[in-house]
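Good morning, everyone. Please take a look at the structure on the screen. I will keep this short.

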Amino acid sequence: MEYIIVVNPQANRIRTNPLLLRKILSQFHTCAAEIFYAKSIASLHARLNLYRVENDLSNTTICIVGGDGTFKQILEWITQLPMEEQPALMPVGGGQFNFMTKYAGFKSGNPIKNLSRVFSPKANLQKKPWRPIMVHDSFSDTKRYGAVVGN
């Protein structure tokens with residue numbers, strides 16, 4: 001399985017502690033196939049689209065460094081892909097709101113701690129299929145995707 005680490009440089013923890021991005025780049029560059037970070041969501045999507053042209057994403061896990069907003073942006077990009085090409089998502093924290101990180105089983109919102117756990121030789125990761133919720137605005141004919149988590 002291949003990994004892509006997507007870092008939102010505007011995520012709360014990354015913005016308030018710029019050393020985190022350097023730590024992610026130095027500590028995990030050998031673990032992941034790619035580490036993507038971009039100034040905007042549009043440029044991130046463009047970079048993912050370029051990567052997708054030459055790589056099969058169906059066996060890839062995208063580790064998302066950011067909060068729930070970043071997760072939502074990546075989720076919306078993935079839902080535009082054909083089902084058989086969609087990668088797995090793994091939120092690893094780093095944002096202001098990290099509810100999806102907790103859903104994935106991480107107790108911490110610290111992306112360094114969570115990525116270390118993901119790439120640990122002792123990691124026992126399980127893929128759990130789920131479908132996002134789609135809301136269709138019939139007036140503007142737009143679709144939005146999200147996830148609901150409760151405990």
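This is a predicted model: local features need pLDDT of at least 70, side-chain atom pairs count only at pLDDT 80 or more; totals for chains, interfaces and linings use all residues.

**An aromatic cluster and a sheet**

Residues are numbered from 1 along each chain as its sequence is written, and side-chain values use heavy atoms, without hydrogens and water.

Phe-28 and Phe-119 form a tilted aromatic pair, 5.9 Å centre to centre, with 40° between the planes. Rings of Phe, Tyr and Trp (its six-membered ring) pair if their centres lie within 6.5 Å; planes under 30 degrees apart are stacked, over 60 edge-to-face, the rest tilted. Phe-28 sits in helix 2 (residues 19-28), Phe-119 in the loop between helix 6 and strand 5, 91 residues apart. Helices (H or I, at least four residues) and strands (E, at least two) are DSSP runs, numbered from the N terminus. Phe-28 is buried too, at 3% relative accessible area. Tyr-3, Phe-28 and Phe-119 make up one aromatic cluster.

On to the sheet. Which order do the strands take? The order is 2-1-3-4, in an open sheet of 4 strands with parallel pairing. Strands pair if DSSP finds at least two bridges between them. Strand 2 (34-37) and strand 4 (88-94) are at the edges; each has a single partner strand, so one side of each lacks a neighbour in the sheet. Strand 1 (residues 2-7) and strand 2 run parallel, joined by 4 bridges. Val-6 stands opposite Phe-36 in strand 2.

Note on methods:
Buried means under 20% relative accessible area, exposed over 50%, partly exposed in between (1.4 Å probe, protein chains only).
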